Amino acid sequence: MKISIFGTGYVGLVTGTCLADVGHEVMCMDVDADKIARLERGEIPIYEPGLDAMVRQNVSEGRLRFTTDAATAVGFAPLQFIAVGTPPDEDGSADLQYVLAVARSIGQHMQDDKVVVDKSTVPVGTADKVRAAVQQELDARDAALTVDVCSNPEFLKEGAAIEDFTHGARIIVGTDAERVREIMRECYGPYNRHHEKLMFMDIRSAELTKYAANAMLATKISFMNEIANLAERLGADIEQVRRGIGSDPRIGYHFIYPGCGYGGSCFPKDVQALARTAGEIGYHAELLEAVEGVNQRQKATLFAKLSQAFDGDLAGKTIALWGLAFKPNTDDMREAPSRALMEALWECGARVQAFDPEAMDECRRIYGKRDDLALVDNREQAIEGADALVICTEWKAFCSVDFAWLKQSLSTPVVVDGRNLFDPQAVKRAGLLYFAVGRGDSLRTP
Ligand code: UDX
C-alpha cells in the first residue's frame with residue numbers, strides 16, 4: 001500500500017524505512033530541503049545502527065522516496081502519518097505547532113478521503129485537535145471529504161529502533177472507525193504475522209498509553225536512583241540490591257539500573273508533559289513530579305561527588321569525561337547527564353577533556369568552540385593531563401580498563417562512575433578513589 005510520512009526525524013525515518021522494507025511504497029516529507037537532499041543521496045542525518053543500509057536499499061529499489069512538497073506527499077497516499085517533533089514549551093507541555101501545521105497542510109491539499117495517523121508523542125486529546133485542524137481547511141474550501149484520525153504511538157528506543165519497530169511488544173492503534181482498523185491492519189500486516197500484536201483501543205487511551213509506558217519506565221529508574229542514594233548512605237551496595245529485587249518476576253530486571261539520571265528525547269519530556277496535562281485538568285500528579293525531581297537531583301550527583309573529592313575546589317582542574325551521549329549506541333545528547341556535569345564544571349572554572357565514540361560532532365554543534373572544552377580522539381587522550389575521570393555513558397569500549405594505568409595517568413586518583421561499570425574492590429586495589437552510584441562500600445573508603 002501507499003503511505004506518506006511527515007517528518008524525517010528519528011521516528012519518521014525509522015517508521016518510513018521499516019514500512020518500505022516490507023514492501024509498502026513510502027514517501028517521506030520534510031520541510032528541511034537540505035535534509036531531504038542528503039537523504040536522497042543516502043546520507044542519514046542520525047546515528048542509528050542498521051538504518052543507513054536499510055534506507056539506501058529501499059531507496060535504490062524504489063519503495064522509499066523523499067519530498068519537500070506537502071501537496072505531493074498528501075496526494076501520494078490514503079494513509080498520512082504525522083511524525084514531526086513535539087518539543088517541550090517553556091512550561092513543560094508539548095508544543096503542537098508542527099503537528100497542527102501538518103494537519104492543516106493535509107486539509108489544504110487532500111483531494112480524496114484520508115486516514116491521518118498521529119505517530120508523534122502528543123498529549124491526550126490531540127487527535128481531536130488534528131481532526132479539527134484538517135476539517136477547518138476542508139470547510140474553508142468547501143471540500144466534502146472525510147478524514148479519520150487515529151493514534152499510533154511509537155515505542156522505539158534509540159540505538160535499537162529497527163529491532164523495536166520490527167519486533168516490538170505491541171502495536172497500539174487508537175481509533176473509533178472500522179475503516180481505520182482495516183487500513184492499519186493492512187499497513188502493519190507484515191509485522192503482525194506470527195502473533196497478534198495489534199491492540200485496538202479508543203483514541204484517548206492510545207494517546208495515554210504512550211505517556212504511561214514512558215512514565216512507568218522513568219519511575220522505575222528514579223525509584224532505583226532513590227534507593228541507590230539511600231544504599232550509598234547506609235553502606236549497602238545497590239548492585240546487589242538490584243539483583244535481589246530483579247529476581248522477583250513482579251519487579252523484573254529491566255529498567256532498574258541506577259545511574260546518573262535518565263536523559264534522551266522521551267523520558268524527561270514525556271514525564272513533564274504528563275504532569276503538566278494533569279495540572280491543566282486540576283489534578284496534582286505528585287508521583288510524576290517526584291520522578292522528575294529525583295532525576296534532576298540525580299544528574300547533579302556526578303558534580304557533587306567530584307566536588308566532594310576535591311573539597312569543593314574544582315577551579316583550574318582538568319576533568320576527563322568518558323561518554324557524552326545520553327546512553328550508548330546513539331549520538332544523541334538531548335537531556336544527557338554529561339551536559340549537566342559539563343555546565344556545572346565550567347561554571348566553577350574547571351576544564352573538560354571529553355571523548356565519546358559517536359557524539360563528538362553533536363557536542364561540537366551544541367557547545368561550539370570553547371577554551372574549557374577539548375574534544376579528543378580516544379579515551380586515553382581524555383586522561384592525558386587530567387586530574388580526575390568521570391564516566392557518563394556505559395559504552396562497551398569503557399567497560400574494560402587497566403586501573404594501574406589509570407592510577408598512573410591521573411594526577412589525582414579520582415574516578416567518578418555514573419554507570420557502575422567496575423568492581424569497586426578492583427578499582428580500589430589499584431589505589432584509585434572510586435565514587436560510583438549507590439555503592440556504600442566504595443563511598444566509605446576515601
Ligand atoms: C525510551 C523508551 O524506552 C522507548 O520505548 C520510547 O519510545 C522512547 O523513550 P530511549 O529514550 O531511546 O527510549 O532510551 P532508553 O533506552 O529507554 O533509555 C532512556 C534513559 O534511561 C537513558 O538515559 C538511560 O541511560 C536511562 N536508563 C535506562 C537508566 O538510567 N536505567 C535503566 O535501567 C534504563
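Into which domains is the protein chain divided? In this predicted model, the chain consists of domain 1, spanning 2–201, and domain 2, spanning 202–446. The C-alpha centres of domain 1 and domain 2 are 33 Å apart, and across their interface 34 residues of domain 1 are in contact with 28 residues of domain 2.

The area buried between domain 1 and domain 2 comes to about 2,500 Å², with carbon and sulfur atoms giving 58% of that area. On the side of domain 1, Tyr47, Val124 and Glu158 together supply 30% of the area that this domain buries against domain 2, which is more than any other three residues supply.

| Feature across the interface of domain 1 and domain 2 | Value |
|---|---|
| Salt bridges | four |
| Residue pairs in polar contact (both at pLDDT 80 or more) | nine |

As for secondary structure, the elements that give two or more residues to the side of domain 1 touching domain 2 are the helix α6 (126–140) and the strands β6 (147–151) and β7 (171–174). Of these, α6 gives the most, with four residues. Classed by residue type, the side of domain 1 that touches domain 2 has 15 nonpolar, ten polar and nine charged residues.

Terms used. Residues numbered from 1 in each chain as written. Predicted model: local features only at pLDDT ≥ 70, side-chain atom pairs only at ≥ 80, totals over all residues. Heavy atoms only, no water. Domains from an automatic or database assignment. Contact = heavy atoms within 4.5 Å. Buried area = accessible area lost by both parts, 1.4 Å probe. Salt bridge = Lys/Arg side-chain N within 4 Å of Asp/Glu carboxyl O. Polar contact = N/O pair within 3.5 Å; in protein donor to acceptor, adjacent residues only side chain to side chain. Nonpolar A, V, L, I, M, F, W, Y, C, P; charged D, E, K, R; others polar.
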